[in-house]
Amino acid sequence: MHEQNLIAYLLLLGDSALVQGQRLCEWCGRAPALEEELALMNVGLDLVGQARNWLEYAAALLDDGRDADALAFRRDERAFRNLLLVEQPNGDFAVTMTKQFLYDAWHLAVLQQLQASSDERIAGIAAKAVKEVTYHLRRSGEWVQRLGGGTDESRRRMLDAIAALWRFTVELNTGSDGEVQLAEAGIAADPTQVGAAWLKQVSTVFDSVDLPLPKAASHFYLDGRKGLHTEHLGLLLAEMQFLPRAYPDATW
């Protein structure tokens with residue numbers, strides 16, 4: 001039972017990082033400034049690298065002949081276990097940075113706990129990733145403050161972004177039964193503690209520029225952990241997976 005729960009958990013971590021990294025890389029050639037394009041690409045590449053580590057571990061446990069690349073490029077939408085938040089379209093820069101910040105706050109809280117995981121491979125991956133995600137959170141948090149406390153237009157866009165994305169944060173405050181069991185075994189992060197840390201971080205940044213904190217999201221009819229996604233993931237995967245599916249035997 002623990003192994004199946006662990007595979008699902010590794011896919012949650014790996015798929016979420018992969019999809020968010022793919023979204024950020026969609027800004028290539030379209031960012032508002034050259035420096036921002038480089039920063040977005042670097043964060044995206046960090047996340048893709050982390051995704052590979054989680055998916056390699058998942059592939060080893062599955063032991064069905066697939067590797068990390070196969071899990072990334074040969075699975076259909078319903079087999080992905082990423083958070084609903086990360087699959088949402090980039091929108092404008094305010095939407096992108098709000099989404100990144102909400103994800104980063106959850107991601108860092110998870111990784112900080114996973115550094116002490118009783119699973120040595122998980123602890124090792126987390127210890128490396130936490131350094132990168134600490135920077136990701138600092139950067140996205142500063143952009144939330146800059147836009148939320150900037151001009152009337154930037155603040156309006158931030159408020160619109162929060163309103164559009166907040167319903168997807170229910171997954172950041174909850175965990176599956178399998179995650180709870182893994183947490184009790186000392187393997188995974190405790191979803192309750194992660195949710196509390198996430199809310200504290202978000203509240204601190206929002207309060208610093210008087211952005212109103214919406215009422216906690218309590219339910220959403222889809223669930224990324226169960227493979228029930230919004231319509232946006234299928235479109236993202238169609239683009240991301242096109243080349244390896246069209247030319248499955250191609251090599252560099």
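Accessible area is computed by the Shrake-Rupley method with a 1.4 Å probe, and in this predicted model the chain exposes about 12,000 Å², of which carbon and sulfur atoms supply 54%. Of the 252 residues of the chain, 52% count as buried, a class that is set at under 20% relative accessible area.

The chain holds 11 helices and 0 strands, and its pattern, when read along the sequence, is α-α-α-α-α-α-α-α-α-α-α. The radius of gyration is 18 Å, close to the 18 Å that the globule rule gives for 252 residues, so the chain is as compact as a globular protein of that length. Taken along the principal axes, the box filled by the C-alpha atoms is roughly 55 × 45 × 35 Å. When contacts between residues at least 6 apart in sequence are considered, 78% of them join residues at least 24 apart.

In soluble globular proteins, nonpolar side chains tend to be buried together. In the present model the largest nonpolar core has 81 residues, and those with the most contacts inside it are Tyr9, Leu102, Trp106 and Leu114. Helix α5, which spans residues 93–114, contributes the largest share of this core, namely 14 residues. Leu114, one of the residues with the most contacts inside the core, touches Tyr9, Leu13, Trp54, Ile122, Ala123, Ala126, Ile187, Ala188 and Ala189, when residues up to four places away in sequence are not counted.

Helix α1, which covers residues 2–25, has 24 residues and reaches 34 Å from its first C-alpha to its last, a span close to the 34 Å expected at 1.5 Å a residue. Of the 24 residues of α1, 19 are buried, so this helix is largely enclosed by the rest of the structure. Glutamine 20 lies in helix α1 and is buried, with a relative accessible area of 1%. Its contacts, leaving aside residues up to four places away in sequence, are with Leu47, Val86, Lys99, Gln100 and Tyr103.

The cysteines were examined with a cut-off in mind, since a disulfide is a pair of cysteine sulfur atoms within 2.5 Å. By this rule the count comes to 0 disulfides. For cysteine 25 the closest cysteine sulfur is that of cysteine 28, at 7.5 Å, which is too far for a bond. The closest cysteine sulfur to that of cysteine 28 is, in turn, the one in cysteine 25, again 7.5 Å away and too far for a bond. Cysteine 25 counts as partly exposed at 28% relative accessibility, and cysteine 28 is also partly exposed, with a relative accessible area of 48%.

The backbone was considered next. Most residues other than glycine have a negative phi, and most peptide bonds are trans. Aspartate 63, however, has a phi near 50 degrees, a positive value in a residue other than glycine. This aspartate 63 is placed in the loop between α2 (34–62) and α3 (68–73), where it is exposed, with a relative accessible area of 66%. Aspartate 210 likewise has a positive phi, near 60 degrees, in a residue other than glycine. The place of aspartate 210 is the loop between α9 (191–208) and α10 (231–240), and at 62% relative accessibility this residue counts as exposed.

Key: Residues are numbered from 1 along each chain as its sequence is written. This is a predicted model: local features need pLDDT of at least 70, side-chain atom pairs count only at pLDDT 80 or more; totals for chains, interfaces and linings use all residues. Side-chain values use heavy atoms; hydrogens and water are left out. A nonpolar core is a set of buried Ala, Val, Leu, Ile, Met, Phe, Trp, Tyr and Cys residues joined through side-chain atoms within 4.5 Å. Buried means under 20% relative accessible area, exposed over 50%, partly exposed in between (1.4 Å probe, protein chains only). Helices (H or I, at least four residues) and strands (E, at least two) are DSSP runs, numbered from the N terminus. Contact means heavy atoms within 4.5 Å. The expected span of a helix is 1.5 Å times one less than its number of residues. The radius of gyration is taken over C-alpha atoms; the globule rule is 2.2 Å times the number of residues to the power 0.38.
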